[in-house]
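Me: Please take a close look at one part of this model, and describe with care which side chains meet there and how exposed they are.

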Amino acid sequence: MSATMASTVSAYTDKIKEMSMLSLLCSCFYTQPHPNSLYQYGDLEVKGLNKRASGQSFEVFLKDLDQFGDKSQAQPLPSPPRREVSLEELQKRLEAAEERRKSQEALVLKQLAEKREHEQEVLHKVREVNHIFSKKTEEKLIQKMEISKENREAMLHALKQRLHEKEVHAAEVRRNKELQAGLSG
C-alpha cells in the first residue's frame, strides 16, 4: 500500500512541475482534464499543444464566418482611406530618402574613419612601446657586455700580477740558491 501511495505522490509532483499555476488551480477544482484542452475566446479557439519545462505552445483557430448566425457581427474591417500622392510629393519623399541614405553613408564613413584613426593610434603606441623596450633591452645588453669586459680585464690584470709576483719570487729563490751554493762551495 505504501508503494502505491509513493508512486501517486511522485506522479502528482511531476504533474505539478509541468503545469502552470492557472492549470494547477483549475485541476484542483476540476479533477477531469478538459477534452483536447480547447479554450474559446470570442471567435478564437485555442488548443494547448506541448507542455514542457521550457514553455508551452498553442494552436489558435479562427472560427468560420458561416458559424455566426448574425452576419452583422462578421463585418470586415474598413480599409484606411487612400489619398492621392502627387508627383511633387513623391519627388520630395525620394529626395528625403536620398538625404537619409547620404547622411547614413556619411555617418558610417565617419565611424570607419574614427575606427581607422583609433587603430593607427594604437599601432603607433605599440610601435613606440616596442621601440622603448628594444632601446632599454639594448642598453641593458651593452651594460652587461661592458661589465663582463671590465670583469674579464680585471681578471687578466690580476692573473698577470700574480704571474709577475711568481716570477719575482722565483728569481729571488734562484738568487738565494746561488748565494747558498756560492757560500757552501
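**A patch and its charged neighbours**

Reply: In this predicted model, Val85, Leu87 and Leu90 together make a nonpolar surface patch of about 280 Å². Leu87 belongs to helix α3, which spans residues 87-184, and Leu87 counts as exposed because its relative accessibility is 69%, above the 50% cut-off for that class.

The structure holds three of them, and one pairs Glu89 with Arg93, whose closest N and O atoms are 3.2 Å apart. Because these two residues are four positions apart in helix α3, about one helical turn separates Glu89 from Arg93. Glu89 counts as partly exposed at 23% relative accessibility, and Arg93, at 44%, is likewise classed as partly exposed.

Arg101 takes part in a salt bridge with Glu98, at 2.4 Å from N to O, and these residues lie three apart in helix α3, about one turn of the helix. Arg101 also forms a salt bridge with Glu105, where the closest N and O atoms are 3.0 Å apart; here the spacing in helix α3 is four residues, so that Arg101 and Glu105 are separated by about one helical turn. Through shared partners, the salt bridges join Glu98, Arg101 and Glu105 into one network.

How values were computed:
Residues are numbered from 1 along each chain as its sequence is written. This is a predicted model: local features need pLDDT of at least 70, side-chain atom pairs count only at pLDDT 80 or more; totals for chains, interfaces and linings use all residues. Side-chain values use heavy atoms; hydrogens and water are left out. Patches are made of residues with over 30% relative accessible area and no salt bridge: like charges are joined within 9 Å, nonpolar side chains (Val, Leu, Ile, Met, Phe, Trp, Tyr) within 5 Å. Accessible areas come from the Shrake-Rupley method with a 1.4 Å probe; for residues, only the protein chains shown count as cover. A salt bridge is a side-chain nitrogen of Lys or Arg within 4 Å of a carboxyl oxygen of Asp or Glu. Buried means under 20% relative accessible area, exposed over 50%, partly exposed in between (1.4 Å probe, protein chains only).
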